[in-house]
Amino acid sequence: MFKSVTVPLLALALILPTVVAAQRVQFERQVRIPVRPIDANTFEAVVNDGAYGSLMWCAAARFTRHYLKQRGGKLYVKQAVGPSTTFPGRKSVIFTTQPVPDAFKSYSESIRTAGQEFSQAHAYAICRSNEPQFYVRVRVVGS
């Protein structure tokens, strides 16, 4: 009698951790952020999929690293979040790798103030701190 109950419980104990891990992965969410290059150092990132603040810095870091092929240096908010210049009806942020007037080192992941500055390494680390809840994908849109 006990053997017939023990086998299903043992099977459940072996399967349950796998089911829980699979459910955790289901909560992971990809955030796609359209980015349009403006020049060799400046680009516009569109607020998309509810991304804001830290996810926008992450997108800027990924674009800088993977598309501009720049590592090291700094990222600046050239134009704070506001109406997009190239995506009508959308909000965006313009980032640059070139120093901007009145730049200041920021400890906030906000994108509401022009001149905010993060190192590229710090901005890229933000991506890692948001995973596995969010995975930011940059979608480059032709200029």
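Author: Start with one residue. Ser 92 lies in strand β4, residues 91-96. Keep in mind that this is a predicted model.

Reader: Is Ser 92 buried or exposed?

Author: Buried means under 20% relative accessible area. Ser 92 has 1% relative accessibility, so Ser 92 counts as buried.

Reader: What does the side chain of Ser 92 join in a polar contact?

Author: The side chain of Glu 44, at 2.5 Å. Leaving aside neighbours within four places in sequence, the contacts of Ser 92 include Glu 44, Ala 45, Val 46 and Val 47. Ala 80, Val 81 and Gly 82 are also among them.

Reader: Now a helix. Which residues of α3 are buried?

Author: First the general idea. An α-helix has 3.6 residues a turn, so residues three or four places apart point the same way. Now the case here. Helix α3 spans residues 120-130, and its buried residues are Gln 120, Ala 123, Tyr 124, Ile 126, Cys 127 and Asn 130. Seen down the axis of α3, these fall within an arc of 140°, so they line one face of the helix.

Reader: What is exposed on the other side of α3?

Author: Ala 121, Arg 128 and Ser 129.

Reader: And what covers the buried residues of α3?

Author: The cover includes α2 (54-66), β3 (74-83), β6 (116-119) and β7 (134-140).

Reader: How many disulfides does a search of the whole structure find?

Author: It finds 1. Cys 58 is joined to Cys 127, with S to S at 2.0 Å. The pair links distant parts of the chain: Cys 58 sits in helix α2 and Cys 127 in helix α3, 69 residues apart. Both cysteines, Cys 58 and Cys 127, are buried. Their link is right-handed, with 115° about the S-S bond.

Technical notes: Residues are numbered from 1 along each chain as its sequence is written. This is a predicted model: local features need pLDDT of at least 70, side-chain atom pairs count only at pLDDT 80 or more; totals for chains, interfaces and linings use all residues. Side-chain values use heavy atoms; hydrogens and water are left out. Buried means under 20% relative accessible area, exposed over 50%, partly exposed in between (1.4 Å probe, protein chains only). Helices (H or I, at least four residues) and strands (E, at least two) are DSSP runs, numbered from the N terminus. The arc is that of the directions from the helix axis to the C-beta atoms. Contact means heavy atoms within 4.5 Å. A polar contact is a pair of N or O atoms within 3.5 Å; within protein, one must be able to donate a hydrogen and the other to accept it, and residues adjacent in sequence count only if both atoms are side-chain atoms. A disulfide is a pair of cysteine sulfur atoms within 2.5 Å.
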